[in-house]
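Hi,

Here is the structure I promised to pass on. My notes on it follow below.

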Amino acid sequence: MRRVSAQGRLRAWLGCALLAAGLVVGAGAEAGNQKEEALADSVRLALSNAIHADRPPKPVFRDETARLRYQAWFDAMSARLKRRLPDEQARTEFLETAWYEAKRAGLDPGLVLGLIQVESAYRKYAVSIAGARGYMQVMPFWTSVIGDSNRRALFDMQTNLRYGCSILRMYIDMEQGNLFLALGRYNGSRGRPEYPNAVLAAWKNWEFKAAF
């Protein structure tokens, strides 16, 4: 697929920023599902650049094999998701966007779908007791930290998935690839097993292995 460079830039931004500038953690106050971290300026800039990058086009693939693999994934996920998102057009737009944003952030799309299952049960306008919003239950403070302070935008599918995937990527890099700890940090419960175990279990519902 073309635009691999976008995914590479995101990972490079976050990786370099975390390693070179350092990330100040532990100073933020509890803020519901996610904690408001004190970010190094370079990390904040990297996340901001990731959030404000161009909107994705329809999927474009490097060759026919890649296109067929994507189509097989899409067909399988669409069938699994039909009960939760019965409208075909909405389901198509959701899966195209989830796939793009997950790949762009270097994440398995199945992991993202599993996290959404746990966080919001695929409810676009879900709001937690702590105020987290949308499919990936993004806390509103992120719009001030790395966005344009437009909290309402977190109910936009594209915006919500982009924020959620970029933040999860940051946490994975912060935890040096430890997904268990990164998921705990995403939920604001780092070190506790309940949330990571729930997401990892849900991930199995969305696993996909291409036949070719």
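**What I found**

Of the 212 residues in the chain, 50% are buried (buried means under 20% relative accessible area, exposed over 50%, partly exposed in between, with a 1.4 Å probe and protein chains only). Please note that this is a predicted model: local features need pLDDT of at least 70, side-chain atom pairs count only at pLDDT 80 or more, and totals for chains, interfaces and linings use all residues. Residues are numbered from 1 along each chain as its sequence is written, and side-chain values use heavy atoms, with hydrogens and water left out.

**Overall**

The chain has nine helices and zero strands. Helices here are DSSP runs of H or I with at least four residues, strands are E runs of at least two, and both are numbered from the N terminus. The chain exposes about 10,300 Å², and carbon and sulfur atoms supply 50% of that area (Shrake-Rupley method, 1.4 Å probe; for residues, only the protein chains shown count as cover). Take the contacts between residues at least 6 apart in sequence: 63% join residues at least 24 apart. Contact means heavy atoms within 4.5 Å.

**Arginine 80**

This residue sits in helix α3 (residues 64-81). Arginine 80 is partly exposed, at 36% relative accessible area. Leaving aside neighbours within four places in sequence, arginine 80 contacts Asn205, Trp206 and Glu207. Its side chain reaches the backbone oxygen of asparagine 205 at 3.0 Å. Tryptophan 206 is 126 residues away along the chain, yet the two C-alpha atoms are separated by 8.1 Å.

**Helix α7 and what follows**

Of its 18 residues, 17 are buried. Aspartate 156 caps the N-terminal end: a side-chain oxygen lies 3.3 Å from the backbone nitrogen of glutamine 158.

Past the other end, glutamate 175 lies in the loop between α7 and α8 (179-187). Glutamate 175 is buried, with a relative accessible area of 9%. Beyond neighbours within four places in sequence, glutamate 175 contacts Leu181, Ala182, Arg185 and Arg190. Glutamine 176, also after α7, has a positive phi, near 55 degrees.

Best wishes

Notes:
Polar contact = N/O pair within 3.5 Å; in protein donor to acceptor, adjacent residues only side chain to side chain.
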